Amino acid sequence: VPAAALTLEAAASRVPARRFSRSLIAAANALMRMKESSRAPGARILDDPWAGELADDHWLLSLIRFGRFVLPPLKRTIDELQTAHCVRHRSIDELVLAAVERDRFTQVVMVGAGYDMRAARFAERLRGARVIEVDLPEIGARKRALLGDHCPEQVAADLSSESLGRALERSSFDPSAPAVFVMEGLIHYLSPESLSSLFSDVARGPGARRAIFSFIRPDVFERASGPLKWLFGLVREIPRASFTRDQLRALCERHGLPAFASWQYAEQVATFAPIARGRRVGSTQDVARADGDGIK
Ligand SMILES: C[S@@+](CC[C@H](N)C(=O)[O-])C[C@H]1O[C@@H](n2cnc3c(N)ncnc32)[C@H](O)[C@@H]1O
């Protein structure tokens, strides 16, 4: 058993697995994109006109939103999270657009899509690609009910009990065509077995394959601030695992995605989101890209 797998297993066993039907973190991400989109055009990291429609009125999110006005450490944590999330989201925007426009990938599969609106935000620039979203049934259903025609094709699947490959058989996904798989804010919620199965399905197929994903490093995991831990505990979506760059590089290589690159927060700002320079940030996720053999 590779050392990386042992470490992941140890990390995952710290927090019991939780099956949730409605991700409040996905909704909180939409709220942060909504708030960022309201900044002046020259100051915003990204623009997501649909994020406000998806804002969730769950009482816990309302408690946190209004609680920040009376608890300064909570406000600081939420502001920092907004910057970290939007820089990461913008970085992944740019990586997805480059995959389609420059590298000619014709399929984009958003795994754990949540309230990601890239298909609509970049409808024009992604028109050369088929976009498919995969998430738990309740997330897709809520998104469709609120935004109907703006949603791309959706596949309902719980990746803790079904493989991605099996789920995609219910969609128009074409295994023989080039495909990029986006997994933003997802992999730290999966068991080592589900993670391994996911990457094996991402890499499989006669068509070219690319993975774009975010991850939490162990040092970030360990250093998370008190208010941040409290927030994740409150919504009961505590990340189960953290990963070093080398562990993920090894995982990708093992599954046939050997060309690996990753960006820590400061590199994300410098490369993809210079507008965020100078903004204060706390815990962040790294962003990675891994290509199958033969992709330059
Ligand atoms: C933190 S949210 C990220 C959402 C979106 N990618 C973003 O960055 O805003 C994690 C997403 O993964 C989905 N997810 C978590 N566990 C899953 C599972 N076992 N099967 C399918 N989706 C899952 C959640 O429903 C949620 O939408």
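Which helix does S37 lie in? Select S37 and you'll land in helix α2. Keep in mind as you click around that this is a predicted model.

**Stop 1: S37**

Show S37 with its side chain. Is S37 buried or exposed? With a relative accessible area of 13%, S37 counts as buried, because the cut-off for buried is under 20%. Zoom in on D48, where the backbone nitrogen sits 2.8 Å from the side chain of S37.

**Stop 2: the ligand**

Helix α2 gives four residues to the shell around the ligand, the largest share. Select the ligand and what surrounds it: 20 residues in total, with G112, D135, D158, L159 and E184 the closest. Colour that shell by class and you'll get 10 nonpolar, six polar and four charged residues.

Which atom of the ligand is 2.9 Å from an N or O atom in the side chain of D158? A nitrogen atom of the ligand. Move on to L159, where a backbone N or O atom lies 2.8 Å from a nitrogen atom of the ligand. Then try R33: an N or O atom in its side chain is 3.2 Å from an oxygen atom of the ligand. On its own the ligand would expose 590 Å², and the protein buries 96% of that.

**Stop 3: helix α11**

Now jump to residues 226–234, which make up helix α11. Highlight L228, L231 and F232, the buried residues of α11. Look down the axis of α11 and these buried residues fall within an arc of 90 degrees, so they line one face of the helix. The general rule behind such a pattern is that an α-helix has 3.6 residues a turn, so residues three or four places apart point the same way. What lies over the buried residues of α11? Among the elements covering them are α2, α4 (59–67) and α5 (72–101).

**Stop 4: R104**

Finish with another arginine. R104 is in the loop between α5 and β1 (107–111). Its phi is positive as well, near 65 degrees, in a residue other than glycine. Buried or exposed? R104 counts as exposed, because its relative accessibility is 59%.

Technical notes: Residues numbered from 1 in each chain as written. Predicted model: local features only at pLDDT ≥ 70, side-chain atom pairs only at ≥ 80, totals over all residues. Heavy atoms only, no water. Near = heavy atom within 4 Å. Polar contact = N/O pair within 3.5 Å; in protein donor to acceptor, adjacent residues only side chain to side chain. Areas by Shrake-Rupley, 256 points an atom, 1.4 Å probe, with all protein chains shown as cover. Helix = DSSP H or I, 4+ residues; strand = E, 2+ residues; numbered from the N terminus. Nonpolar A, V, L, I, M, F, W, Y, C, P; charged D, E, K, R; others polar. Buried < 20%, exposed > 50% of the residue type's maximum accessible area, 1.4 Å probe, protein only. Arc of directions from axis to C-beta. Contact = heavy atoms within 4.5 Å.
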